[in-house]
Amino acid sequence: MLLFTNACKENNELDIDTILNDFADNVELVSEVDADFSLPSTVKANDLTAKLTWRSNSKNIQIINYEAIVTRDVKDIDVTLTCIINYNGNSKTKDFVVTVLQEAVYSFVVKDGYAYDTNLRVEVYEDEIYNSYLEVALYIVAFLKLPENYVLKSEHNSSDYTDENLLSCGGDVFQNREGLLPKNDHYFECDILYDGHGRNALRLVYSIETLSVYYTTDHYASFNYIYIDGSSLDSIYAN
């Protein structure tokens, strides 16, 4: 009798696992979102119904009564949504990775040769020269070029530098050999706060194509972004 009971128990557990796996196979979710969406509350398999509950690991998707509230960022964000399948006191989880697509909303305005960034609280004029990182970064994304005081390294002569012309190196190709920046983009570099003496470790690396600008204080060993696709962060650089 004991052997028979244990065998029945094992078969029952196997049946439950199979049922839960069938439910899991029938739960589907989109892989990319750019707006709020609804989550299923139940799932059916083999004429059976299981109740679903959900949880999220990110503030970019918050779940309220089976509604997924999406908050977009200036770059794509991967969020893990966990589905808990509940059936007759048994449960199984299934994870989905959902990409919250970036919100390409520029944080700066450009009008009549003037640009202002509301996040970074910085402004530039097209006919003026700059060599600080926030001003040059805004100049690049606003006017799609470097300020006039930048020349290629092959054309630069440190003896020509004055405090009035701020002549600096900029516009040469940056290869991204270390792969620290997103791939499949074309990058250029420029010096920051050059003072006519030896070149320091401060650089901007930027892409005109994607309106992205990165700042390095250690000569390309690490980067923080100022602009991604034209959107800036209210970051430590603004303080």
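These notebook entries record what I looked up in a predicted model.

**Entry 1: conventions.** I worked with a predicted model in which local features need pLDDT of at least 70 and side-chain atom pairs count only at pLDDT 80 or more, while totals for chains, interfaces and linings use all residues. Residues are numbered from 1 along each chain as its sequence is written, and side-chain values use heavy atoms, with hydrogens and water left out.

**Entry 2: the chain.** I found 2 helices and 18 strands, taken as DSSP runs numbered from the N terminus (helices H or I, at least four residues; strands E, at least two). Of the 239 residues, 41% are buried, that is, under 20% relative accessible area with a 1.4 Å probe, protein chains only. The accessible surface of the chain is about 13600 Å², and carbon and sulfur atoms hold 48% of that surface; the area comes from the Shrake-Rupley method with a 1.4 Å probe. Among contacts (heavy atoms within 4.5 Å) with a separation of 6 or more, 46% join residues 24 or more positions apart.

**Entry 3: A142.** I located A142 in helix α2, which spans residues 133-143. A142 counts as buried because its relative accessible area is 15%. Leaving aside residues up to four places away in sequence, A142 touches F108, V110 and A115.

**Entry 4: cysteines.** I searched for disulfides, meaning pairs of cysteine sulfur atoms within 2.5 Å, and the count was 0. C83 is buried, at 0% relative accessibility, and C190 is buried at 1%.

Technical notes: Buried means under 20% relative accessible area, exposed over 50%, partly exposed in between (1.4 Å probe, protein chains only).
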